[in-house]
Amino acid sequence: MKIKIKFTRILVIKIFSVLILIATGCLLMANAACAITLGVFPVILSLAFFTACFAFWIYDEAKQKNKRLKSYIPTFAIILLGCIAYAIWFTPPPAALITTGRYGHGTPEENETVDAILGEARAKERFELYFQWFNVLHETGHCIVWFNGGSRPQIVDEEQLVNDFAVAFWTYYGEEEKLGDLRLTVAQALDNIGRPPDKYANHLEYARDNWGKSGFFTFRNYGWFQFSCVNGSLGDIKPLESVLAEMGVANVSVRPKRTLAYPAIGEGAAAEIIGDAVAILREWGATIPAVYHTFDDNPNNHMIQIKRNVFGSMDRSYILAIAEQ
Ligand SMILES: [Zn+2]
């Protein structure tokens, strides 16, 4: 049986409406999930276009079925209100949320692995130095890459780049003692983990081949990759200005060298460190949105996400490390 589709004016409009709605949805999801700052206008334009098509659709259907246009008003109003609410939801500017895992709050196995890798006796101190001091800069680095116009590198290369950045930043602003401890922490961790299969020439090749595969994102495997990146960065320290330029920051403005001293590194210091670093990095020319910080009990969970502070929801749930510029 042959199905003949007659492309009437109304069918074209219907197809068009659905396509526009799908495109708007994708646009909104991209806006929410990534650092893409599309602004409100494309979203409003797309929704307005969809509403116009939909109005026409309803008008035509009412005419065909000989129904009164008034009977469609509730449906139309619900859809229109839904679209407006959806647009409002995505209107606030994007903000970054840095999550750091907590030492000793994971499952017994997770805690044991952390201790075994970081060296039993000083594991807590090393964990906090690495994650609440060094790694928050690593996460901030991702945010700089996403918000500063340059093209995004391949995911594994981005990890190496943001570690180069974090090392460059702390070499410029960090206390010497902490940098020394960082070197020891990384060296000890790499020693304790040992090497993944010999078939990989280096950590970048290993990560490219295993990214996303099961078992990759564990403290041991992903840790080996990250510690190897940091080890590489520490072995070839780049000037902060050149790393920032590589991350897409246009017109890097070199600021005077000074030391940011934090006598007590730990969970209480993470948000303060992020706030201080972001304020300085904005002076260097980097565009960075508001940054929030939160903790996760899983010691493996260290990440940065882009979210929207809808009706102050982020202010209620997380610590504001630094507001929007
Ligand atoms: Zn990363």
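Okay, let's start with a pair of helices: the axes of helix 7 (residues 176-193) and helix 9 (residues 221-235) come within 9 Å and cross at roughly 140°. That angle makes helix 7 oblique to helix 9. Oblique here is what remains once angles under 35 degrees are called roughly parallel, over 145 roughly antiparallel, and 65 to 115 roughly perpendicular. The axes are lines fitted to C-alpha atoms, for helices over the stretch in contact, and angles run from 0 to 180 degrees between N-to-C directions. Helices (H or I, at least four residues) and strands (E, at least two) are DSSP runs, numbered from the N terminus.

Before I go on, some housekeeping. This is a predicted model, where local features need pLDDT of at least 70 and side-chain atom pairs count only at pLDDT 80 or more, while totals for chains, interfaces and linings use all residues. Residues are numbered from 1 along each chain as its sequence is written.

Back to our pair. Helix 7 passes helix 9 in a left-handed crossing, meaning the near helix is turned anticlockwise from the far one by less than a right angle; clockwise would be right-handed. And which residues of helix 7 meet helix 9? They are Arg-183, Val-186, Ala-189, Leu-190 and Ile-193, and on the helix 9 side the partners include Trp-224, Phe-227 and Leu-234. Contact means that the C-beta atoms, placed from the backbone, lie within 7 Å.

Helix 9 has another neighbour in helix 6 (residues 155-173): their axes come within 9 Å and cross at roughly 50°. Helix 6 and helix 9 are therefore oblique to each other, and this crossing is right-handed. Helix 6 brings Glu-159, Gln-160, Asn-163, Asp-164 and Val-167, and helix 9 answers with Cys-229, Val-230, Gly-232, Ser-233 and Leu-234. The class count is 4 nonpolar, 4 polar and 2 charged residues.

Then there's helix 8 (residues 203-210), packing on helix 9 at about 145° with the axes 9 Å apart. The crossing is left-handed. His-203, Tyr-206 and Ala-207 of helix 8 touch Trp-224, Phe-225, Ser-228 and Cys-229 of helix 9. How many charged residues does that contact have? None: the tally is 5 nonpolar, 2 polar and no charged residues.

We have an open sheet of 4 strands in the order 3-1-2-4, with mixed pairing. Strand 3 (303-308) and strand 4 stand at the edges, each with a single partner strand, so one side of each is left without a neighbour in the sheet. From one strand to the next, the twist averages 35°. Two strands pair if DSSP finds at least two bridges between them.

Let's walk across. Strand 1 pairs with strand 3 in the antiparallel sense over 6 bridges, with Ile-98 opposite Ile-304. Helix 5 (residues 123-147) packs on the sheet here, touching strand 1 and strand 3, and its direction makes about 150° with that of strand 1. Helix 11 (residues 270-283) packs on the sheet too, touching strand 1, strand 2 and strand 4, at about 30° to the direction of strand 4.

Strand 1 (residues 94-101) also pairs with strand 2 (residues 291-296), in the parallel sense over 6 bridges; there, Thr-100 faces Phe-295. Finally, 3 bridges join strand 2 to strand 4 (residues 319-322) in an antiparallel run, and Val-291 sits opposite Ile-322.

Zooming out, the domain assignment gives domain 1 (9-89) and domain 2 (94-322); such bounds come from an automatic or database assignment. The C-alpha centres of domain 1 and domain 2 lie 42 Å apart.

Note on methods: Contact = placed C-beta atoms within 7 Å. Nonpolar A, V, L, I, M, F, W, Y, C, P; charged D, E, K, R; others polar.
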